[in-house]
Amino acid sequence: MAAPREAPEQRPFGRRFLTDPARLFQHNAWDNVEWSEEQEASARSKVQENSSQLLPQDKQEEYEVNAKRYWDDFYKIHENGFFKDRHWLFTEFPELAPNRNPSQNGDSVHEFGNKEESNNEGRGSCENGYCSLETRAENQLNMIKSTPKVCTELLATQNYSKLNQRDGDYPGSSASYRVLEVGCGAGNTVFPILQTNNDPGLFVYCCDFSTTAVDLVQSNAEYDSSRCFAFVHDLCNDQSPFPMPDESLDIVILIFVLSAILPEKMQCIVSRLSRLLKPGGMILLRDYGRYDLAQLRFKKGQCLSDNFYVRGDGTRVYFFTQDELNDLFTTAGLEKIQNLVDRRLQVNRGKQMTMYRVWIQCKYRKPSAPQL
């Protein structure tokens, strides 16, 4: 008989009982929900079933080679009417606005953040690549889209090369607090940070694999090049340059991003990102946990490898355990500050649906002094 596992580190996120005022009698959620042994066994059985048939290797390679195209298509389809700003960030990650008054935008922190999470972190009922009109309406983001700017990785690389020829002269070089969001999408983390953190020394970098996503950020009416720099970047290409030097960042943000990457490439990426941190700098992560509803919904034939799946739109997703994430970060030389699991129960009374979500939240810090 297997040895009993230690209970995962947990704490509640936000309020214990959450409601969306627009759907007061339809959609409720509870944080930090305990799972029974039977429930976990059922989830494990569903995963074993949906992963029993793996995609052929040639199809897996096709999804890897064409990953950028699938994400470009995703953002072209949904444009800027699909996502909601992540105002919950400042409750869970106060490091993003250290001088913020806790009462500042207090109501919106709970209302926006937890309502967004109840819609599956931006995807809503769009798991496996299909999106309902109701979900798109609920996730409407107030963003003004003008003519997209041309932003290709080739042009970006050329610009970085020119900038780096001048020692110490790069975007945000005069800033005293630098933040990088990896996988910025349409800007749902970047713009709340710029709106909330009024530190004159703040500079925010944001990058995405998708050219279309970066175009959306640059086209936003609130994009301010004096405080922000958006660029296309391929995390999986270790020759793809960053616009800032090593040991220059205070914060790196990974929000539902690492899960979209081929598992065997994750360690190299985390190690590379850790080199960008100043001593004492932190990586902040929130991502999908093992046995999340999204994992249980996959059908046979969508599994690429253990706990790694392809959605109907060609984008991919991995479902983590706390230990896996801890190994990734500590191997990169970072020390654990936080590694939490959030098991959340959502009840849609209108549709008579009960949904169990599982997310993991982490904070890992670069040691201030070299470890002996």
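Reader: Is Cys206 buried or exposed, and at what relative accessible area?
Author: This is a predicted model, and the values are computed from it. Buried means under 20% relative accessible area. Cys206 therefore falls in the buried class, with a relative accessible area of 0%.

Reader: How many disulfides does a search of the whole structure find, and how far from Cys206 is the nearest cysteine sulfur?
Author: The search of the whole structure finds 0 disulfides. Cys206 is accordingly in no disulfide, and its nearest cysteine sulfur belongs to Cys228. A disulfide needs the two sulfur atoms within 2.5 Å, whereas the distance from Cys206 to the sulfur of Cys228 is 4.0 Å.

Reader: How are α10 and α12 oriented to each other?
Author: The axes of α10 (residues 266-276) and α12 (residues 322-331) come within 8 Å. They cross at roughly 50 degrees. Angles under 35 degrees count as roughly parallel and 65 to 115 as roughly perpendicular, so the two helices are oblique.

Reader: Which residues of α12 meet α10, and what is the handedness of the crossing?
Author: From α10, the residues in contact are Met266, Gln267 and Val270. On the α12 side they meet Asp327, Leu328, Phe329 and Thr331. By class, this contact has 4 nonpolar, 2 polar and 1 charged residues. The crossing of α10 and α12 is right-handed.

Reader: Where does Phe256 lie, and what is its phi?
Author: Phe256 lies in the loop between β6 (249-255) and α10. Phe256 counts as buried because its relative accessibility is 12%. Most residues other than glycine have a negative phi. Phe256 instead has a positive phi, near 50 degrees.

Reader: In which loop is Tyr291 found, and what is its phi?
Author: Tyr291 is found in the loop between β7 (277-288) and α11 (293-296). At 14% relative accessibility, Tyr291 is under the 20% limit and so counts as buried. Its phi is positive in a residue other than glycine, with a value near 75 degrees.

Technical notes:
Residues numbered from 1 in each chain as written. Predicted model: local features only at pLDDT ≥ 70, side-chain atom pairs only at ≥ 80, totals over all residues. Heavy atoms only, no water. Buried < 20%, exposed > 50% of the residue type's maximum accessible area, 1.4 Å probe, protein only. Axes fitted to C-alpha atoms, helices over the stretch in contact; angles between N-to-C directions. Helix = DSSP H or I, 4+ residues; strand = E, 2+ residues; numbered from the N terminus. Parallel < 35°, antiparallel > 145°, perpendicular 65-115°, else oblique. Left-handed = near helix turned anticlockwise from the far one by under 90°. Contact = heavy atoms within 4.5 Å. Nonpolar A, V, L, I, M, F, W, Y, C, P; charged D, E, K, R; others polar.
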